[in-house]
Every structure is written in C-alpha cells, then in structure tokens.
Amino acid sequence: MDFVFDRTAEGRAIKNLTVVDDATHEAVAIVPERAMGGLHLTRVLDQLAQTRGLPKAIRTDNGKEFCSRAMLTWAHARGVQLFLIEPGKPNQNAYIESFNGRFRDECLNEHWFTSLRHAQVVIEAWRQEYNDERPKKSLGGLTPAAYAKSLAEKSGELAPDSKALCY
C-alpha cells in the first residue's frame, strides 16, 4: 500500500490510497479522499476484507498512517503481518512504486478533476480497466483479474509460500 497525492481544479488535495496485490498485480483498491488517517485506513481495510478476505501481510513505507496505533492494533488483532520498508528505500516496495508511476502518468496527469466525486469515478474506471483489460507479459499474457481467477481455480488452497494473499 502507498499514497499518491493530487489536487482538484480548485486546488484542494486528493490523497489516493493505492492497494496492489504483488502476486496477481491487481489494483485491489484506489481510494481517493481529501484526507485519510490511521483509523480511516483501517476502516477501508476492513471493507476490503469483506470482499477479498484478509491478507497475510501488507508492505508499506513508514508513513504516519501505516505506523499509527490504529493500524498496528488493527493488524495485530487480525493476525496480519506489517512489513515496513526502510526509510528512503522505495525499491523495497518496487511494484507499488511502479504501479503508482503508471497511475500518475495514465490517470492523474490525464485528468483535471473538478471535484472529489469526479476523481472517484474516473479513478475507479481506470482501476477496473487496469485489472480487466490489460494483459501482462509477467502474468503469461493474462490480465491481473484473469490471472487471479486462474490462481483460484488451480487450487482451492494456495501454496504456503504464495504471496497471492499479500497486498
């Protein structure tokens, strides 16, 4: 997980929480908000858990939201491991950094959002297109959504060393 910042046309901040599954390359969620603290972050993760289940681990930077008491309490209570990258070492969370660059280039830089709601609609459409319509060489020519489905069909249970449940 990480955050990517942007602004609406009137200059107000948009803080986008990006959640990506390292194994399937799916953009699990992109949540644009004006602000998001640790408690709000944990509510978003609980909502994701209702549809996707809980991950075994989450990798983030050392941002205050990710290191907050709310986040640490949330992870401990649910048995989710938190892996914090070293400060100044974004390469330790390379896939999310690459994804965020693509998100900025292809979505944020291409749109001038008139409101937060406008941003939410456009960003969700981009996320769905990213997951459902873009085949990736690294996934054998499948889209992230198709690859995730194929993993689920191959076995009802993932191998113990699989990272498919990490986001």
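Leaving aside its neighbours within four places in sequence, with which residues is Arg34 in contact? In this predicted model, the residues that Arg34 touches beyond that range are Thr8, Glu10, Arg12, Ala13, Ile14, Lys15, Ser115 and Leu116.

## Arg34 and its surroundings

Arg34 belongs to the loop between strand 3 and helix 1, and with a relative accessible area of 24% it is partly exposed. Two of its contacts can be described at the level of atoms: the side chain of Arg34 makes a polar contact with the side chain of Glu10 at 3.5 Å, and the side chain of Arg34 also reaches the backbone oxygen of Ala13 at 3.1 Å. As a further point of orientation, Phe5 stands 29 residues from Arg34 along the chain, and the C-alpha atoms of the two are separated by 9.7 Å.

## Salt bridges

Side chains of opposite charge can pair when their charged atoms come close. The structure holds nine salt bridges, and the table gives some of them.

| Pair | N to O distance |
|---|---|
| Lys15 and Glu65 | 2.2 Å |
| Asp21 and Arg52 | 3.6 Å |
| Arg127 and Glu124 | 2.7 Å |

In the salt bridge between Lys15 and Glu65, the closest N and O atoms are 2.2 Å apart. Lys15 lies in strand 2 (residues 13-20), while Glu65 lies in the loop between strand 4 (57-60) and helix 2, so this pair ties together parts that are 50 residues apart in sequence. Both Lys15 and Glu65 are buried.

The salt bridge of Asp21 with Arg52 has an N to O distance of 3.6 Å. Because Asp21 is found in the loop between strand 2 and strand 3 (27-33) and Arg52 in helix 1, the pair ties together parts that are 31 residues apart in sequence. Asp21 is buried, its relative accessible area being 1%, whereas Arg52 counts as partly exposed at 35% relative accessibility.

Arg127 counts as buried at 14% relative accessibility, and Glu124 is partly exposed, with a relative accessible area of 26%.

## Helix 1 against helix 2

Two packed helices are described by the angle between their axes and the distance between the axes. Helix 1 (residues 38-52) and helix 2 (residues 69-78) pack at an angle of about 30°, and their axes are 8 Å apart. Angles under 35 degrees count as roughly parallel, and helix 1 and helix 2 are therefore roughly parallel to each other.

Which residues of helix 1 meet helix 2? On the side of helix 1 they are Gly38, Leu39, Leu41, Thr42, Leu45 and Asp46, and these meet Ala70, Met71, Trp74 and Arg78 in helix 2. Sorted by class, the contact of helix 1 with helix 2 has six nonpolar, two polar and two charged residues.

## A residue of strand 4

Ala57 has its place in strand 4. Is Ala57 buried or exposed? At 7% relative accessibility, Ala57 counts as buried. Ala57 and Ala75 are 18 residues apart in sequence, and from C-alpha to C-alpha they are 8.9 Å apart in space.

How values were computed. Residues numbered from 1 in each chain as written. Predicted model: local features only at pLDDT ≥ 70, side-chain atom pairs only at ≥ 80, totals over all residues. Heavy atoms only, no water. Axes fitted to C-alpha atoms, helices over the stretch in contact; angles between N-to-C directions. Helix = DSSP H or I, 4+ residues; strand = E, 2+ residues; numbered from the N terminus. Parallel < 35°, antiparallel > 145°, perpendicular 65-115°, else oblique. Contact = heavy atoms within 4.5 Å. Nonpolar A, V, L, I, M, F, W, Y, C, P; charged D, E, K, R; others polar. Salt bridge = Lys/Arg side-chain N within 4 Å of Asp/Glu carboxyl O. Buried < 20%, exposed > 50% of the residue type's maximum accessible area, 1.4 Å probe, protein only. Polar contact = N/O pair within 3.5 Å; in protein donor to acceptor, adjacent residues only side chain to side chain.
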